[in-house]
Structure formats: structure tokens, C-alpha cells
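Student: Could we go through this structure together? I would like to learn how to read it step by step.

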Amino acid sequence: MNRDAIQQLVETITTLTAGRGRVQIMEICGTHTVSLFRSGVKSLLPANLRLISGPGCPVCVTSQGYLDAACELADRPDVTICTYGDMVRVPGSSGSLAERRSAGAKVTVVYSPRDALKLARQTPSRKVVFLSVGFETTTPGSAATILEAAAAGVENFFILPGHKLVIPAMRTLLAAGDVPIDGFLCPGHVSVVIGANAWRPIAQEYHKPCVVAGFEPQNMLEGIAHLCRQITENQAYVENVYSTAVHDEGNIVAREMVERVFTPADETWRAMGVIPQSGLMLREEYRRFDARDALGVSFGPDVSPPGCRCGDVIQGRLDPNQCALFGKSCTPLQPVGPCMVSSEGACAAWYKYAK
Amino acid sequence: MCLAVPGKIVAVRDAEEEQIGPRGVVDVQGSRVEASLAMTPDAHLGDWVLVHAGFAITVLDEAEARETFESLNLALGDEPT
Ligand code: SF4
């Protein structure tokens, strides 16, 4: 990390935004939210530049109905749930997966969907359900795993699909229009898969600057500086300051894999309702891997815990510390909503770094 | 959850029957992880890749990867995200 370069970028940003009133940049990615806090970048920015967290933490945008279906499956004696770690502690309508695990349910934290498939092959008498949540970065791995399960004829492996697509959610936010957004710091690793060009419709149709950035401090600051320049010049196009990893077209092999296995579908986001074509469902020929069809569960209503404002937080309407429960009845040890559970949740990040 | 970490491919194993693509052993900050190379058909032994949830998702330029990797360390400390 080059301290001089950082200093210079901070100065550039300060100069560009001076005298402009409030400038609001949304970072859509939970990993950006945490990296901006943890690296101290957030504290270097001028006071009139507000970074708002968007709906980009996969755990935070997962609906209560999804979580309840996962819990219902965990309650069955012949089911093993495999999940990314952050999902385990999210409170559902009737307790969390962690509570079920303490009560004897089989809930296993995995690092990769491949681990879940491996477990299914090792334990043929159990039905192994992988909680397949995540954005475009994560979905290709699920697709590859389904292809492998199909090729190997594995019959006891299933996914509970909760995949989300970022761009339809951004369109929903922009269409609602109640939160002024001057530009988007676009998620680096989603962009690795979908490509920098994927953000063009947002820049062009909504006249919002979009800059793809990675996660190290200097790179995030470069992204913010480029955004501020476009904002002051009233421009709106796509820039990519993370070309180390991100190409214009993304990873075509990964995208094709996703297309082979999944097809876009309407999807429920926590407290945002159903967003058209913002999720992915398994294509007909792979539908047997969908735990909903195979094991007969469905997603119930998306009811937020009383008092929890996660929905407003992930849409940039509220800073976490403006929620009445923040730091009082809701803390990382006793979380009320998913935004306080997930290590990438805006509430958890605020609690840890900005309280 | 979209965090991906850079590492260097130190071994490649051919795909076994029913496996989608070859598997690599990737050195990530000194620890070795297995990663599927199914999405990075151009990745070879010695290349740097970004690994996310058990899959290499892109090939990186080595010099740039080293830089990313060093400052990521500083930024993220030893806490996983
Ligand atoms: S502080 Fe807790 S209750 Fe309030 S929005 Fe965040 S997670 Fe929900």
C-alpha cells in the first residue's frame, strides 16, 4: 500500500466534492462495506461524501421465507443442511439453524458447494441440502456442482435456490427513487463473472456513473475518485479500476455454465418484495436437484423481525445506527436481523467499526 | 461473501471421471487449498488465480496479483470475511 498515493487520492476526492453539498455513492457489495470500514478508507473521506451500503450482502437480502424453509428441512431427521457460515445464526421465524444444530439437527458449515456434494456422496442414506445463496460471483460454483452431481448420478444432493442478481435490484432502487444515488461503486468480484460491460445499462439508462473496483484500500479510493470526477463533470459511464481481475466481458466460461443450469426467475428479497427476474431457478432438466420440488418445501412469507429495519438499511434509506434497536437489543452477540449477523452486514460493520 | 483470494497454482490434477474440469492446488498465503479450474481453462501450473468458494474464477497477472495480495493482507488483517 502506497501511503503517498492514498494521501493524493483523498485530496483529489476532497477537492472534487468541495462545495457540492452532499454526494452519495452506493457500494453494492457487502465485501466493499466491510473493506471500506476495516481499512479505514471510510474515515478518510470528506464529510459531505456519504457512502451508503446497498443490497449486496447475500445473507442480508435472503428472505425470511427462505430461512424458514431451510429450518423446516433441518428439522427432518434424514436431512443434512450444508451452508455458508453466516447463514447459521440468522434468526428465522422460529429460531435459527444454529439453535437447531444445538438441538441435534445436522447443519454443516461448508466453504464450497463442492464440499456439500462430497458429503452427499459419502453419506448416501442422507438427503444433503446445500443452501445456495449468493450473487453472480457465487452462482457459477453452484452451477458447476449441479453439473457434476448430474454427471455422477447423485440422487441425494439438492440445493435450496436463493441466488440473486445485482442489476435488477439496482433498477428497483433507482426506480423507487427515494434515495438519491449519485453513482455506484460496483462490486469487483461480481464483475469478474459478469464483466465490466454489464453495468452499462445502469450508466446509460439512469445516467449513473458506475466504477468497478477491487477491495484493497488504494483501489477502492481510486474507484471513489473516478466516481467523484464523473459526478462533478455530470458524466455517466462505466470505468474499471480493477482490470487486474475484471475484463469487459467477464468470465464467459462461468457465465455459460450458469446459463446451462439456471434460468432467470422472479425472486423475493428481504423487505424489498419480489423483484422481477432477479433470481435464478434450475432449468427443467436439473429441476430434480431443487429441494423445493424434491423434498416438498416452499418459501413462506417474508416477515421481518419486529422493529428490525434491515430492509431500509440495505436500500440506503437508513444508516444502521438510526435503527432503534441498534446496539441495544440488537448486537452481534444477540442479533435481531441478518444485517447484524453477517460479517458483511452493514449493521455488523457499523457496530464493529463506527459505534 | 463475494470475497475471493489470490493464490498461485502449485499443482494440477486432471479431471477424474464425472468431474467438471481439472482441479488445482492453490497456494493462498502459504496455505494450500484445492480449487476447481473448471471456469479457468487457460490456467496453468504456476499461474495466479482468484479463488472463490472452491473455484478459480479468473487468472491474474502475477505482478499485479502480488500487489493485491500484499495490500489485502494489510487491509484485512487475518480476519476472514
Ligand atoms: S440494528 Fe439489528 S434490528 Fe436494526 S436494522 Fe440492523 S439488524 Fe435489524
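Student: Which side chain of chain A meets B:R23 in a salt bridge?

Tutor: Good place to start! This is a predicted model, where local features need pLDDT of at least 70, side-chain atom pairs count only at pLDDT 80 or more, and totals for chains, interfaces and linings use all residues. Residues are numbered from 1 along each chain, chains are lettered from A in the order written, and side-chain values use heavy atoms, leaving out hydrogens and water. A salt bridge is a side-chain nitrogen of Lys or Arg within 4 Å of a carboxyl oxygen of Asp or Glu. Here the N to O distance is 2.8 Å, and the partner of B:R23 is A:E148.

Student: How many salt bridges are there between chain A and chain B?

Tutor: The pair B:R23 and A:E148 is a salt bridge between these chains. The count between chain A and chain B is two.

Student: How many residues does each chain bring to the contact?

Tutor: Contact means heavy atoms within 4.5 Å. By that rule, chain B brings 35 residues and chain A brings 44.

Student: Which residues of chain A lose the most area to chain B?

Tutor: Buried area is the accessible area (1.4 Å probe) that two parts lose on being put together, summed over both. Chain A and chain B bury about 3,300 Å², with 62% of it on carbon and sulfur atoms. On the side of chain A, 21% of what is buried comes from three residues together: A:R38, A:R114 and A:T244.

Student: Is B:T40 buried or exposed?

Tutor: First, find its place: B:T40 is in the loop between strand 3 (31-36) and strand 4 (48-52) of chain B. Strands are DSSP runs of E with at least two residues, numbered from the N terminus. Buried means under 20% relative accessible area, exposed over 50%, and partly exposed in between (1.4 Å probe, protein chains only). Because its relative accessibility is 5%, B:T40 counts as buried.

Student: Which residue of chain A is in contact with B:T40?

Tutor: Leave aside the neighbours of B:T40 within four places in sequence. Its contacts then include B:A56, B:I57, B:T58 and B:V59, and from chain A there is A:N251.

Student: What is the bridge partner of B:V12 in strand 2 of chain B?

Tutor: Two strands pair if DSSP finds at least two bridges between them. Strand 1 and strand 2 (residues 23-28) of chain B pair over five bridges in the antiparallel sense. In strand 2, the bridge partner of B:V12 is B:G24.

Technical notes:
Helices (H or I, at least four residues) and strands (E, at least two) are DSSP runs, numbered from the N terminus.
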